[in-house]
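The entries are grouped by topic.

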Amino acid sequence: MRIEVAGSTHVGMKRNHNEDNFLMLPEEFLFCVADGMGGHSSGEIASRIAVDELGEFYKLTAKDQDCTWPFKMDKARNYDENRLATGIKLANARIFEKASSESKYKGMGTTIVSVHFGQNGVYVGHVGDSRVYYFRGGALKQVTEDHSLLNDYLKAKKLSPEEVENFPHKNVIVRALGMKENVQVDVSRVEPQEDDVFLLCSDGLSGMVTDAQMQEILQRTPELEKACSQLIDMANAAGGNDNVTCVLARYHAA
């Protein structure tokens with residue numbers, strides 16, 4: 001298995017500091033994006049803790065598969081699913097701990113999306129409204145489901161496109177790391193095909209650029225670094241209301 005990868009982040013056009021962080025750990029086939037929230041620099045710290053803790057957990061468990069995990073394994077999940085969920089739960093615990101112990105970090109949190117290329121499939125773990133897509137055969141498909149108030153409304157009752165556009169609480173997320181001592185992590189599995197491109201992004205991209213526009217860029221730009229730059233440029237051209245982060249990872253079986 002070989003993974004080509006490119007990633008980039010940009011402060012956007014309206015913010016004065018960047019609270020997004022991303023991780024590219026090709027030796028562990030692990031990639032992730034975190035979008036922090038909280039006053040001052042707290043969001044940036046929360047997202048940095050998230051990607052660092054997840055990365056360190058993968059390095060540790062790769063070296064020592066018998067090491068003690070901080071959370072019990074879920075019997076309904078396989079090893080790879082449990083490993084990803086546990087790494088994210090550990091990140092949540094560290095952020096919650098820091099937010100609880102220092103008043104300046106009170107209320108900080110972060111979203112997280114992560115992709116791990118395992119031996120038996122591609123595993124996607126997430127909390128919040130950052131997203132993972134995969135691009136296959138010219139078509140882009142969303143893997144994750146936003147943990148947002150808007151998405152809850154969409155599931156509960158059908159909203160018209162105009163109602164979605166004017167929804168007053170678009171940025172309210174209903175699940176994030178650091179908010180509570182424990183967190184529910186969604187984990188799904190994708191059976192990869194040769195040349196699949198997995199796209200991980202903060203809502204600074206998905207909130208400004210439509211899926212159709214992202215798909216078009218990936219169709220016409222096979223070079224991952226160029227595609228990454230073009231996606232971020234498009235989000236900024238559309239207003240750049242938030243920090244914008246994008247990671248692209250292309251799968252090769254050999």
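In this predicted model, helix α6 (residues 211–220) packs against helix α7 (residues 224–237) at an angle of about 150 degrees, and their axes lie 10 Å apart. Since angles over 145 degrees count as roughly antiparallel, α6 is therefore roughly antiparallel to α7. The other helix pair described below is α1 (residues 42–63) with α2 (residues 79–101).

**Packing of α6 and α7**

- The crossing of α6 and α7 is right-handed.
- On the α6 side, the contact is made by Gln 213, Met 214, Ile 217, Leu 218 and Arg 220.
- Their counterparts in α7 are Ala 227, Gln 230, Leu 231 and Met 234.
- By class, the contact of α6 with α7 holds six nonpolar residues, two polar and one charged.

**Packing of α1 and α2**

- Helices α1 and α2 pack at an angle of about 140 degrees, with 8 Å between their axes.
- The two helices, α1 and α2, are therefore oblique to each other, because an angle has to be over 145 degrees to count as roughly antiparallel.
- The crossing of α1 and α2 is right-handed.
- From α1, the residues that meet α2 are Ile 45, Ala 46, Ile 49, Ala 50, Glu 53, Leu 54, Phe 57, Tyr 58, Thr 61 and Ala 62.
- From α2, the residues in this contact include Tyr 79, Asp 80, Arg 83, Leu 84, Ile 88, Leu 90, Arg 94, Ile 95 and Lys 98.
- The contact of α1 with α2 has 14 nonpolar, three polar and five charged residues.

- Asp 146 lies in the loop that runs between β8 (139–142) and α3 (149–156).
- With a relative accessible area of 13%, Asp 146 is buried, because the limit for that class is under 20%.
- The side chain of Asp 146 makes a polar contact of 2.7 Å with the side chain of Arg 131.
- His 147 is also placed in the loop between β8 and α3, and it is buried at a relative accessible area of 5%.
- The His 147 side chain reaches the backbone nitrogen of Gly 128 at 2.9 Å.
- The side chains of His 147 and Arg 175 are joined by a polar contact of 3.5 Å.
- Apart from neighbours within four places in sequence, His 147 is in contact with His 126, Val 127, Gly 128, Asp 129, Ile 173, Val 174, Arg 175 and Asp 186.

**Ala 139 in strand β8**

- Ala 139 has its place in strand β8 and counts as partly exposed, at 37% relative accessibility.
- Leaving aside neighbours within four places in sequence, Ala 139 is in contact with Tyr 134 and Gln 215.
- Ala 139 and Phe 31 are 108 residues apart along the chain, and their C-alpha atoms are separated by 21 Å.

**Positive phi angles**

- Most residues other than glycine have a negative phi.
- Phe 29 is not a glycine, yet its phi is positive, at about 55 degrees.
- Phe 29 is in the loop between β2 (20–25) and β3 (30–37), where it counts as partly exposed at 24% relative accessibility.
- Asp 195, likewise not a glycine, has a positive phi of about 75 degrees.
- The loop between β9 (186–190) and β10 (197–201) holds Asp 195, which is partly exposed at 43% relative accessibility.

Technical notes: Residues numbered from 1 in each chain as written. Predicted model: local features only at pLDDT ≥ 70, side-chain atom pairs only at ≥ 80, totals over all residues. Heavy atoms only, no water. Helix = DSSP H or I, 4+ residues; strand = E, 2+ residues; numbered from the N terminus. Buried < 20%, exposed > 50% of the residue type's maximum accessible area, 1.4 Å probe, protein only. Polar contact = N/O pair within 3.5 Å; in protein donor to acceptor, adjacent residues only side chain to side chain. Axes fitted to C-alpha atoms, helices over the stretch in contact; angles between N-to-C directions. Parallel < 35°, antiparallel > 145°, perpendicular 65-115°, else oblique. Left-handed = near helix turned anticlockwise from the far one by under 90°. Contact = heavy atoms within 4.5 Å. Nonpolar A, V, L, I, M, F, W, Y, C, P; charged D, E, K, R; others polar.
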